[in-house]
Amino acid sequence: MAFTLAPLPYAHDALEPHIDTLTMQIHHGKHHQAYVDNLNKAIAGSPNENKSLEELVAVAGSISPAVRNNGGGHWNHTFFWESLAKPGAADVVNAPSGKLADAITAAFGSFDEFKTKFGAGGVGRFGSGWVWLIVKDGKLEISSTPNQDNPLMDVAEVKGTPVLGVDVWEHAYYLKYQNKRPDYLAAIWNVINWNKVAARFDAA
Ligand code: MN
């Protein structure tokens with residue numbers, strides 16, 4: 001079964017001015033498409049061809065680097081697009097509420113403290129990777145992974161169930177923010193789909 005690239009759940013320009021249209025076109029249409037294509041090439045004719053993306057990600061430590069990197073890339077980007085939404089759209093709220101808000105306060109002190117720590121997690125990831133908000137042992141934690149790894153992988157330093165993930169590869173922000181990763185991570189809060197994050201938290 002070959003994997004396919006789903007369309008973005010919003011228009012390419014929906015996240016303007018925080019994430020620019022050209023970045024979205026290249027990031028989704030070229031980078032994510034390449035992960036899908038290269039994953040399909042890497043599994044073709046092997047027993048991995050019959051596995052789900054979740055099954056592949058779970059055994060990242062015992063599959064080829066091509067399957068790990070491209071499978072992780074496909075999973076991570078799909079999760080990322082679904083974590084974002086057009087500012088002002090019905091499903092975008094500026095801050096989490098309810099049980100998720102309580103859990104954030106319990107884990108980090110306040111929503112502002114959480115944002116500061118999450119941003120620091122993204123800035124502190126050397127090179128390319130991801131910063132995550134995960135549920136681990138029933139509590140929220142911030143973690144980060146290199147390359148296209150994620151917290152569901154057996155190889156992850158900190159394992160857990162992701163509820164939010166932000167791409168900190170340069171391709172995610174370089175056209176608009178150049179070397180200023182902290183500015184990109186500050187702007188990302190304008191386009192987080194907190195209802196989606198809350199639904200994942202409820203399910204975790
Ligand atoms: Mn990316």
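Start with a term for accessibility: buried means under 20% relative accessible area, exposed means over 50%, and partly exposed is what lies in between, with a 1.4 Å probe and protein chains only. Asp202, at 48% relative accessibility, therefore counts as partly exposed.

Now the provenance. This is a predicted model, so local features need pLDDT of at least 70 and side-chain atom pairs count only at pLDDT 80 or more, while totals for chains, interfaces and linings use all residues. Residues are numbered from 1 along each chain as its sequence is written, and side-chain values use heavy atoms, with hydrogens and water left out.

Back to Asp202. It sits in helix α8, residues 194-203; helices here are DSSP runs of H or I with at least four residues, strands are runs of E with at least two, and both are numbered from the N terminus.

Next, the metal. Which residues are the protein donors of the manganese ion? They are His27, His77 and His171, each through NE2, and Asp167 through OD, at 1.9 to 2.1 Å from the ion. Donors are N, O and S atoms within 2.8 Å of the metal, or 3.2 Å for Na, K and Ca; water is not among the atoms, so sites may look incomplete. The sequence spacing of the donor residues reads H-x49-H-x89-D-x3-H.

On to helix α3, residues 65-83, which holds Gly73. Gly73 counts as buried because its relative accessibility is 0%. Contact means heavy atoms within 4.5 Å. Beyond neighbours within four places in sequence, Gly73 contacts His32, Tyr35 and Gln148. Its C-alpha is 18 Å from that of Phe126, which is 53 residues away along the chain.

His74 is also in helix α3. With a relative accessible area of 6%, His74 is buried. Leaving out residues up to four places away in sequence, His74 touches Phe3, Thr4, His32, Tyr35, Val36, Leu39 and Leu53.

Now the aromatics. Rings of Phe, Tyr and Trp (for Trp, the six-membered ring) pair if their centres lie within 6.5 Å; planes under 30 degrees apart count as stacked, over 60 as edge-to-face, and the rest as tilted. That rule gives 16 aromatic pairs. One of them is Phe79 with Trp132: the ring centres are 6.0 Å apart and the planes are at 50°, so the pair is tilted. Phe79 belongs to helix α3 and Trp132 to strand β1, residues 129-136, so this pair ties together parts 53 residues apart in sequence. Phe79 is buried at a relative accessible area of 7%, and Trp132 is buried at 0%.

The pair of Phe114 and Phe118 has centres 5.6 Å apart and planes at 50°, so this pair is tilted. Both residues lie in helix α5, residues 111-123, and, being 4 residues apart, they are separated by about one helical turn. Phe114 and Phe118 are both buried.

There is also an aromatic cluster, formed by Trp75, Phe79, Phe80, Trp81, Trp130 and Trp132.

One more residue. Leu22 is found in helix α1, residues 21-43. At a relative accessible area of 45%, Leu22 is partly exposed.

That is the list; questions, please.
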